[in-house]
Amino acid sequence: MHLSTHNWMRAEPLETTLKRIKKFGYESIEISGEPEQYKTKETRALLKEHGIRCWGAVTLMLGERNLAAKDQGQRERSVQYVKDVLTMVSELDGEIITLVPATVGKVVPDGTEEEEWKWVVDATRECFTHAKQVGVKIAVEPLNRFETYLFNRGAQALALADAVSPECGVCLDAYHIHMEEFNVYDAIRKVGKRLFDFHVADNNRFAAGLGQIDWPKIVATLKEVGYDGALTNEFVAPVDRTPAAPYPDMVERHPVDISPEQLKFIQDHGSSVLTEKFYTDQMRITAETLLPLIK
């Protein structure tokens, strides 16, 4: 196992992110699934310069992106988006994309269970075909019920992976599984060898180590099933707007270089644009919590 991180949680130049995570012992990055933001030739050079490899990317299912949509045109556009993310990861020598099949924040279905299952399976199969062509793996990620109604537990993600191909896998997220699973350790064991990626944030979605999750037991269970991929940092710190705020200086009051769509995505997660100091501390705390356990 090794330590990785997403970078969608704060809008900043990629070089700034890479300098920070290298200092704390991160080995790779899961780049935001926005292919238009990255010129892969330049990004490859930047990764090489800082000694950080691309582990993969996560699909940011914003707006109309939805593999389970009723509208065929919407599904087709969503499939093309996923294909573009796969191509970007391939060009960056990455290994995996974490696929969130449905729109984040959408909690009302478009059709019957049978209709939606056909739509999402067919769309994911098309994405998987492209993934095979470009040499990148797909891991289906379940989210908690407040972010999606469709895939909330590892068994559900595994059912989609099974319907697509034995070579399709699952990504679990410590934050989500501690909300939705009957037993988080059994959930990891059930996915077993099909676990291709693992995201980390504590139960309060602050950095690993700032909540109630038993990280030694989580890492031990991952080792038990033979998982040897990334532990990818994905804290989304909740903003406290009251006098009880433990971190009164966590919000960047004058953000730059962030699109309205990305800002909405972050705000929809109960967070905001974080200051560099607070963000850096969260990166450091995650590393200090997990690196001793995985080495």
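**Strand β8 and the cysteines**

Strand β8 (residues 230-233) is covered on both faces: A230 and T232 on one side, and L231 and N233 on the other, are all buried (under 20% relative accessible area, with exposed over 50% and partly exposed in between, for a 1.4 Å probe and protein chains only). Helices (H or I, at least four residues) and strands (E, at least two) are DSSP runs numbered from the N terminus. The model is predicted, with local features requiring pLDDT of at least 70 and side-chain atom pairs counting only at pLDDT 80 or more, while totals for chains, interfaces and linings use all residues. Residues are numbered from 1 along each chain as its sequence is written, and side-chain values use heavy atoms, leaving out hydrogens and water.

Two strands pair with β8, pairing being assigned if DSSP finds at least two bridges between two strands. Strand β1 (residues 2-5) is parallel to β8 and joined to it over four bridges; here H2 stands opposite A230. Strand β7 (residues 195-200) also pairs with β8 in the parallel sense, over three bridges, and H199 has T232 as its bridge partner. From β7 the chain passes through helix α8 (residues 215-224) to β8 in a right-handed β-α-β crossover (with the strands pointing away from the viewer, the path from the first strand over the helix to the second runs clockwise).

A disulfide is a pair of cysteine sulfur atoms within 2.5 Å, and by this rule there are zero disulfides. C168 is buried at 0% relative accessibility, and its sulfur lies 9.7 Å from the closest cysteine sulfur, in C127, too far for a bond. C171 is likewise buried, at 0% relative accessibility; the closest cysteine sulfur to that of C171 belongs to C168, and the distance of 12 Å is too far for a bond.
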